[in-house]
Amino acid sequence: MFTTSPNRFAQNWENSETITASPARLTTDTGEHLPGVALFTRGRVTSVITAEAAHRVALEIVEALEAHTPVKPVRRDAGVNDAFADLADR
């Protein structure tokens, strides 16, 4: 897990409060427009990425957030599981 330096906390916090995303068009060298996403920090463009990259990063963000979510173990009741085992094939 990536861990920041404490002397960057204020800057990281401020960036977190100002980061936004907007639809964008990436213009190819032939003038074709492709769908994309523009990322802004403090009102300035920091990156413009393809739609495919935006989907990938969105999923990576969800996975990163899930890494901070404690998972409560599920208690298994063997008697209940056995009683309903035949329903699993329906």
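The dialogue below turns to the sheet and then to the aromatic rings.

Mentor: This is a predicted model, in which local features need pLDDT of at least 70 and side-chain atom pairs count only at pLDDT 80 or more, while totals for chains, interfaces and linings use all residues. Residues are numbered from 1 along each chain as its sequence is written, and side-chain values use heavy atoms, without hydrogens and water.

Trainee: In what order do the strands form the sheet?

Mentor: Strands of a sheet pair through backbone hydrogen bonds, either parallel or antiparallel. Here three strands form an open sheet in the order β1-β2-β3, with antiparallel pairing (strands are DSSP runs of E, at least two residues, and helices runs of H or I, at least four, numbered from the N terminus; two strands pair if DSSP finds at least two bridges between them). β1 (20-27) and β3 (44-50) are the edge strands, each with a single partner, so one side of each has no neighbour in the sheet.

Trainee: How many bridges join β2 to β3?

Mentor: Six bridges join β2 (residues 33-41) to β3. Leu39 stands opposite Ser47 in β3.

Trainee: Which residues form the aromatic pair?

Mentor: Rings of Phe, Tyr and Trp (its six-membered ring) pair if their centres lie within 6.5 Å; planes under 30 degrees apart are stacked, over 60 edge-to-face, and the rest tilted. The structure holds one such pair: Phe9 and Trp13 are tilted, at 5.7 Å centre to centre and 35° between the planes. Both lie in helix α1 (residues 9-18), four residues apart, about one turn of the helix.
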